[in-house]
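Please look through the sequence and the structure shown below before reading on.

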Amino acid sequence: MSSEEETDISESEMEDYADTWYQKLKEGYGKEKISGKVYQCPFCPGKKKQAYCFNDLVQHSSGVSKASSRKVNDKGKHLGLTKYLNNDLLRKDSFPMETELQPIHHENDVDQKYAFPWMGIVANLPTEWKDGRYVGKSGSGLRDDLTSKGFNPLRVHPLWNCRGHSGKAVVEFDNDWTGFANAIKFQKSYESQHQGKKDYLVSQDRGDKLYGWIAKTDDYYSSDIIGDYLRKTGDLKSISEVEAEEKRKTDSLVSNLSNTIEAKRRSLREIESKCNETSMSLKNVMRQRDAMVQEYNEDLQRMAKNAHGQLEKMFKEQEKSKSYFEARRKALELREKELVEREALNDSQRQELHLLKQMNEKAAMEQKKFDESVLILAEEHKKAKETLRQKNMELQKKLDLKQALELEIERLKGAMQVTKHMGDGQDVKKKLDEIDESVKEKKEELEGLEALNQALVVKEQKTAVELNDARKELTEGMKENTSRALIIVKRMGDLEDLWNNKLGRKASLKEGITYLLQQLKASKAKKR
């Protein structure tokens, strides 16, 4: 419905009328947004002031709704526009991904060409003749003045010619839509004071007033100092051309980002696949390690069981020998008593008895030494068994620790690879530094553990060399005495070695004990 067909309303009906237009605006009536942050009033299409920034449009609609000189219909429409801007359009513009309204192709806005980056012109700047040339206010001072008025220019360039300061300056704004809105605001401010371009051209007495406007096509192609500067520093572009260029850049950026994201995804999938392969490999290694440890423990248990059986057998043999010698001692004492009672002993019988008694005492001493040897062997066997068990536990702990360190290093490396593909932010770099430090610490721990294991291996090799040297010396000693077959016990630190000279090899614990028992039985047989 056009304004000519609308029925005049009263002041009391204005609120309802404003609500009606508020609903129409929400449903899509009119196009108040031109592009980016540039807006227009949908109820004032014939006015020259077509472009507003958001705050200026709110101020315009609010001012019209309160103006006593305007019709009640216009006031109601602009009141509805104020509600729409504050309640709906402001919330829409807070979401940058929401689709913008298409610009209105108005001759004075979208298709009009401007100097780009957006630039304004200030004319009639005060100058004075000094030292043979005109001088004037600096560009930074003029920029500060314009900034204080809310125009927010980037910089101001005073234009100089052969006579000095020309009294004109070019004002540069940001090359985005905020800069364009500031440039429009800059022009409107001077036009509202009748100090725009038209006023500058027709004024006969400019006085000390400043004039300002946005640089457009006629300024760009002018033959004066303003045109020369604009052609050197900028181009001519319409709003639609700027929008098209921004759209092209945005589409290119979106395409590049999509390709980058897809590449990151592929890289992450590859890393995930490698991490899974590493995890499976580590699991296989752990299963093999567990199987090796279990087999080692089973062998150790079998060895302990066999050694226990040998010790029990040895103790039984020792008890039998002890009982035998005790019975033999009692029999000899009884015989000695009988001989004394008979008093029929001759010198030879007394000497034989004395000899038998000495042999029995010697056998008892040998039995005692044998008992001590058996106890020593049993104790040393117990110590060796305990040492072997402790070394096994220590080796298993170090092996577990080494496996745990290797697993932790692999996990940290995988985490580092994933973190590298997350981007180049400060948090990501900090996380990468923390992971890298953890990897270094774990590697140092692993190197220390390997060094300790190497030291233990060297110590065991050294001990083995010493045992071999002892066996060589024992063998040489056995070869020198070939008339008797002896098994010699030689202590090496906390361990003892037995050598079988007859067979030319190291004797086992069982062979040593058997040999001692045979020697003892042979001694008993001789005494009988």
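In which helix is Leu257 found?

## A nonpolar patch on the surface

This is a predicted model, and in it Leu257 is found in helix H9, which covers residues 239–342. Together with Leu253 and Ile261, Leu257 forms a nonpolar patch on the surface, and the accessible area of these residues together is about 280 Å². Leu257 counts as partly exposed because its relative accessibility is 45%, a value in between the limits of under 20% for buried and over 50% for exposed.

In soluble globular proteins, nonpolar side chains tend to be buried together. Here the largest nonpolar core has 23 residues, and those with the most contacts inside it are Trp118, Leu142, Leu146, Phe173, Trp177, Phe180 and Phe186. Two or more residues of this core are given by each of strand E3 (113–116), helix H4 (139–148), strand E8 (164–172), helix H5 (177–192) and H9, while the largest share, 6 residues, comes from H5.

## The buried face of helix H8

Helix H8 runs over residues 225–233, and its residues Ile226, Gly227, Tyr229 and Leu230 are buried. When H8 is seen down its axis, the buried residues fall within an arc of 165°, so they line one face of the helix. Among the elements that cover these buried residues of H8 are the strands E3, E4 (119–123), E7 (155–161) and E8, together with helix H7 (217–220).

Methods. Residues numbered from 1 in each chain as written. Predicted model: local features only at pLDDT ≥ 70, side-chain atom pairs only at ≥ 80, totals over all residues. Heavy atoms only, no water. Patch = residues over 30% accessible without salt bridge, like charges linked within 9 Å, V, L, I, M, F, W, Y side chains within 5 Å. Areas by Shrake-Rupley, 256 points an atom, 1.4 Å probe, with all protein chains shown as cover. Salt bridge = Lys/Arg side-chain N within 4 Å of Asp/Glu carboxyl O. Helix = DSSP H or I, 4+ residues; strand = E, 2+ residues; numbered from the N terminus. Buried < 20%, exposed > 50% of the residue type's maximum accessible area, 1.4 Å probe, protein only. Core = buried A, V, L, I, M, F, W, Y, C linked by side-chain atoms within 4.5 Å. Arc of directions from axis to C-beta. Contact = heavy atoms within 4.5 Å.
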